[in-house]
Amino acid sequence: MASDGAASPRPISPAERIDAIDVLRGLALLGVVAINVVTIFRVSIFQQFLFPKPPLSLSPIDSAIETILTLAVELKALALFSLLFGTGLAIQFERLAKSERRASLLVRRLVVLLAFGLIHLCLIWNGDILTEYALAGFIVLPFLFGPRWLLAVAALASLGLYLEMQVFPPPGLWPGTAAIAQDVMDANRIYATGGFADVLVFRLRELPLIIPLHIYIFSRTIGLFLLGAFAWRAGLLRNAPSNRAPLFSIAAAGIGLGAALILANAGGIFSGRVGVVASPLGTILLALGYGAAIIAIANLARGKALLGWAAPLGRMAFTNYLAQSVIFGWIFYGYGLGLFGRLGTASALAIGIAVYVAQVLFSAWWLQRFRYGPVEWLWRTLMYGTMQAMAVSAKTVAA
């Protein structure tokens with residue numbers, strides 16, 4: 001890995017990237033697509049909190065898909081992204097070690113991310129996660145200046161706080177049932193039939209209901225950021241080819257224990273506080289297991305051949321994530337095709353997978369010609385304050 005001089009810090013070049021991490025990011029994006037298209041774009045995100053739920057998915061295949069997504073994918077894919085963001089922040093921090101501008105560059109990186117997130121949140125889709133990631137990044141950044149053990153302790157403390165909040169939620173934070181029911185009713189009307197201005201106004205009006213969702217998982221996001229940074233500092237991801245055995249062990253333990261907790265809780269085995277904590281803890285463990293398994297497999301010769309297609313998508317995850325919001329907004333909202341509330345789970349998931357496959361093909365085509373995605377280019381250009389080389393044929397090394 002090339003070192004960064006103090007006078008001219010630069011982004012990582014494509015040749016220096018770790019393909020297994022890009023593969024994991026690309027596969028995690030599939031989970032994010034599946035959950036977003038089924039539970040947020042297809043219907044109101046708050047519909048899941050209504051009891052009884054409106055009967056929009058009645059077919060056996062819809063019910064089966066919803067069950068699989070809930071148990072195996074929901075929140076797990078987002079947890080993987082949180083781990084990867086922490087790892088990426090630690091990599092940036094390490095590569096800028098010789099630069100006098102390290103702290104200011106990383107702060108600028110997060111400020112730009114926050115700006116992107118706020119634009120996305122307010123103008124495109126209020127299911128945005130970038131704003132939360134930027135705010136969590138500001139909290140995590142100072143810990144990167146400390147020793148490795150501090151990352152581990154802080155990660156465990158943050159995750160412990162997250163689990164405690166599930167048992168003892170802050171009073172008055174969550175809106176009442178009547179407010180949620182009214183929002184779902186308004187969403188079914190406005191998102192399905194409203195023009196862009198109507199959707200925009202309603203999206204902003206929903207923000208007070210959206211914010212508590214982020215508050216509930218904010219400490220988890222911080223904890224997973226720190227855990228991802230710790231995994232990099234510990235060499236688990238840096239030297240993944242020589243750590244395949246530990247990675248497979250983590251995968252077996254995480255998937256086995258995580259799945260056991262989630263399935264047991266879904267089956268009603270747990271009750272009381274144990275039941276409240278079982279599923280969130282299982283989600284964290286399952287995400288860790290997924291990540292370790294994919295990283296380990298991607299570092300095998302056959303694994304590279306099997307999963308390599310996801311690497312270009314992962315390298316352009318930022319661009320693809322924002323593009324999905326634009327595409328799904330047009331498909332489901334009234335200013336486009338207006339399919340909101342009209343599709344079952346299977347149909348919506350099929351649309352999501354089709355968009356994902358198209359992005360896989362587009363990402364591979366794009367990166368044969370350019371060094372990184374358009375949003376990634378803009379992010380790095382604004383971070384470093386220098387126009388980054390874009391074409392693959394450019395002689396300037398950039399990422």
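Q: A crossing is left-handed if the near helix is turned anticlockwise from the far one by less than a right angle, and right-handed if clockwise. In which hand does H4 pass H16?

A: H4 passes H16 in a right-handed crossing. Helices (H or I, at least four residues) are DSSP runs, numbered from the N terminus. This is a predicted model, in which local features need pLDDT of at least 70 and side-chain atom pairs count only at pLDDT 80 or more, while totals for chains, interfaces and linings use all residues. Residues are numbered from 1 along each chain as its sequence is written, and side-chain values use heavy atoms, with hydrogens and water left out.

Q: At what angle do the axes of H4 and H16 cross?

A: Two packed helices are described by the angle between their axes and the distance between the axes. Axes are lines fitted to C-alpha atoms, for helices over the stretch in contact, and angles run from 0 to 180 degrees between N-to-C directions. Helix H4 (residues 102-124) and H16 cross at roughly 135°, and their axes come within 8 Å. That makes H4 oblique to H16; angles under 35 degrees count as roughly parallel, over 145 as roughly antiparallel, 65 to 115 as roughly perpendicular and the rest as oblique.

Q: Which residues make the contact of H4 with H16?

A: Contact means heavy atoms within 4.5 Å. From H4 come Leu 105, Leu 106, Arg 108, Arg 109, Val 112, Leu 113 and Phe 116, and from H16 come Val 375, Leu 378, Trp 379, Leu 382, Met 383 and Tyr 384. By class, these are 11 nonpolar, no polar and 2 charged residues. Ala, Val, Leu, Ile, Met, Phe, Trp, Tyr, Cys and Pro count as nonpolar, Asp, Glu, Lys and Arg as charged, and the others, Gly among them, as polar.

Q: How do H10 and H11 pack?

A: Helix H10 (residues 244-266) packs on helix H11 (residues 272-298) at about 150°, with the axes 6 Å apart. That angle makes H10 roughly antiparallel to H11. The crossing of H10 with H11 is left-handed, and the residues in their contact are 20 nonpolar, 8 polar and 1 charged.

Q: Which residues of H14 are buried?

A: Buried means under 20% relative accessible area, exposed over 50%, partly exposed in between (1.4 Å probe, protein chains only). In H14, the buried residues include Phe 318, Tyr 321, Phe 328, Ile 331 and Phe 332. Because 12 of the 16 residues of H14 are buried, this helix is largely enclosed by the rest of the structure.

Q: Against which helices do the buried residues of H15 pack?

A: They pack against helix H1 (19-41), helix H2 (60-73), helix H13 (310-315), helix H14 (317-332) and helix H16 (374-384). Among the buried residues of H15 are Leu 349, Val 355, Tyr 356 and Trp 366.

Q: Is Asn 299 buried or exposed?

A: Asn 299 is buried, with a relative accessible area of 13%. Asn 299 sits in the loop between H11 and helix H12 (301-307). Not counting residues up to four places away in sequence, Asn 299 touches Ala 20, Ala 240, Pro 241, Arg 244 and Lys 304.

Q: Is Ile 61 buried or exposed?

A: Ile 61 is exposed, with a relative accessible area of 53%. Ile 61 belongs to helix H2.

Key
Helices (H or I, at least four residues) and strands (E, at least two) are DSSP runs, numbered from the N terminus.
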